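Please take a moment with the sequence and the picture, and then I will walk through a few places in turn.

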Amino acid sequence: MAYTEEELKKELETKEYEYGFYTDIESDTIPVGLNEDVVRKISKLKGEPKWMTDWRISAFKFWTQMKEPDWSNVKYKKPDFQDISYYSAPKSKKKYDSLDDVDPELIKTFNKLGISLEEQKKLTGVAVDVVMDSVSVATTFRETLSKKGIIFCSISEAIKEYPDLVRKYLGTVVPFKDNYYAALNSAVFSDGSFCYIPKGVRCPMELSTYFRINQAGTGQFERTLVIADESSYVSYLEGCTAPSRDENQLHAAVVELVALDNAEIKYSTVQNWYPGNKHGKGGVYNFVTKRGICHKNSKISWTQVETGSAVTWKYPSCILKGDNSIGEFYSIAVTNNFQQADTGTKMIHLGKNTRSTIISKGISAGKSQNSYRGLVKIEPRAKNARNFSQCDSLLMGNLCGAHTFPYIEARNNSAQIEHEATTSKIGEDQIFYCNQRGIDTEKAIALIVNGFSKEVLNKLPMEFAVEAQKLLEISLEGSVG
Amino acid sequence: MLIIKNLHATVDGKEILKGINLELKPGEVHAIMGPNGSGKSTLASVISGNEDYIITKGEILFDDNDLSELDAEERAHLGVFLSFQYPVEIPGVTVTNFIKTAINSSRKATGKEDLPAAEMLKKIREKAKLLDINSKFLSRSLNEGFSGGEKKRNEIFQMAMLEPKLSILDETDSGLDIDALKIVANGVNKLRDKENGFLVITHYQRLLEYIIPDYVHVLFEGKIVKSGSKELANKLEEKGYDWIKKEIV
């Protein structure tokens, strides 16, 4: 690939439009507030077809009839939905002239995470020169994917370019009537990603390793749709280990996964939204609906590392519709200071011989509250369904809380359901033991926490796992005096 | 190397050590014996820097460093090692990963780079062989589900890996059958040289048949009441601690 410098620059510019998550088409901003006109305007600004606008409007109408849920084990001030701007053109990338202008604390964290200087600039919104590396990576990336017929683009683009696929699947796994925040998201979602893997194709790379950079600027209401056609495979990575200092308080994303017959989707998330300060001020509310549907002999595996957000409310779930399908959920949720997390999964067994595995590791420090909430439901037709659940909690100090709320509904007596739960505390004797071997207290905690989380960390793609380990260390820094 | 002067220490406000004096030179092995509750394990905890124990009087010098001013990990970096009487479990952390982290922490503290993986592996193999440890053992979670003998063998394995200047063995013989005891003692003996010192804390004379001490001290009610050669241990075995108690009174 013999590019000239000029060509490279040009290529990169257009690529940002084509392959970035954000389409820079409009510069209008809609004033704060939410009503039907606003929803129409969003759809219009994004140049969406009528069916999409209608769908948004139906969702909005339904949402106005709904009440904000309050059953989760978290306390927060309810957002004022009329005080949010639901559409603003993507912020101009250039926020700072150089890294020197960026909060030094943030830079310190980046360095600990081993994030390259160029990437740091992108994440903080510093103007960036053309980076040779990124160009070649992106080019190779695009070529490899298109050769295999894989579609990977922003959802806005997919609505225009692949309307049949989007129309066929959008809202089929998470209907807008599903819950309050799913309805809101359906009405006003700004952007997100779309991925389609054709029949029999094994996606040759972890999707989104390159896009990690772009994702730092993700909007408030993100929408993701991943479709794995028959006998295909994809591993999808979402999120970013770098701390995201977003001014938007409310984040309500929807992720839908469709695994057709014999397909497999592996979906890994690392979430590190701003958790608020040490006194519990500020921080993101993360109210996410993530769900996948498994057709015959297919498999969906969710792996998540949740360390950020002031309030997290998230249950990546699997509907095991097809016979012999498999659902997995591996989770590490860390809460520190005043963070609150209510997270878990739902495994809905509809088909015969369906299997599900749940491994949840909750780590609480400071004055935080960490809850696991999980539902295992075996429907009457689900003969020989099996589930194994394991929920472990690790406490640090005396002021935090760990809670487990397992729900089990079995309507077929051939079902086998196992549930194991443990709660432990990092002991001073463990810390002293490490200290005596020359390991300082912060490192000792990291070691103990990583050991505790190992079963889940092992499920992450290698590169992500290393970052996630570092992230765990950083999230718990200063949690023991 | 180690000089303890008039050491007094309390735990939970209760005075356990009431004026210990001890000097240990490089190459020497000192045994501390004494009945239950005499303060043997407290002495080990105080030297290694357990914060539950408070020094109220006296001092501990190690190579001219005042240990009371240093954190436990800083003492470890200077070469102080404690083989715990009750080693703790750390689930999910393998024996290998733990020792790797320990070694590299000490190296970092002394301004050295991490030990290259190949050298680490070579060293692990060598020391594991010394203590009759197989590779499966090395991949197990630290002390989790270990038998008493395995725990102690693992302590000595860590000692062999870290190559400390001063090793304190706190009741390393407790819970060991005779075969395990021989393996552990053999491991210790192979590490003895003219640079290193050992403080062997034991209730029974049995261990001292395999690790021959240069000096034996009898600790009683927080003080060293008698010191002597290996013969003293034999005499204790024969006559019991009552003999000492009577002698003091």
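This is a predicted model: local features need pLDDT of at least 70, side-chain atom pairs count only at pLDDT 80 or more; totals for chains, interfaces and linings use all residues.

**A residue in the core**

I start with Ala228(A), which touches Ile197(A), Tyr233(A), Val234(A), Val258(A), Ala259(A), Leu260(A), Ala263(A), Glu264(A) and Ile265(A), leaving aside residues up to four places away in sequence; two residues are in contact here if their C-beta atoms, placed from the backbone, lie within 7 Å. Residues are numbered from 1 along each chain as its sequence is written, and chains are lettered from A and ligands numbered from 1 in the order in which they are written.

Ala228(A), Ala259(A) and Ile265(A) touch the most other members of the largest nonpolar core, which has 175 residues. A nonpolar core is a set of buried Ala, Val, Leu, Ile, Met, Phe, Trp, Tyr and Cys residues joined through C-beta atoms within 7 Å, and buried means that 20 or more other C-beta atoms lie within 10 Å of the residue's own, with exposed meaning 12 or fewer and partly exposed in between. Helix H12(A) gives the most to this core, with nine residues; helices (H or I, at least four residues) and strands (E, at least two) are DSSP runs, numbered from the N terminus.

**Where the chains meet**

How many residues of chain A are in contact with chain B? There are 17, and they face 21 residues of chain B. On the chain A side, the elements that give two or more residues are helix H11 (428–436) and helix H12 (441–457). By class, that side has six nonpolar, six polar and five charged residues, where Ala, Val, Leu, Ile, Met, Phe, Trp, Tyr, Cys and Pro count as nonpolar, Asp, Glu, Lys and Arg as charged, and the others, Gly among them, as polar.

**Two positive phi angles**

Most residues other than glycine have a negative phi. Ser309(A), however, has a positive phi of about 70° although it is not a glycine, and its place is in the loop between strand E9 (299–306) and strand E10 (311–314) of chain A. Asn6(B), in strand E1 (residues 2–11) of chain B, also has a positive phi, of about 45°.
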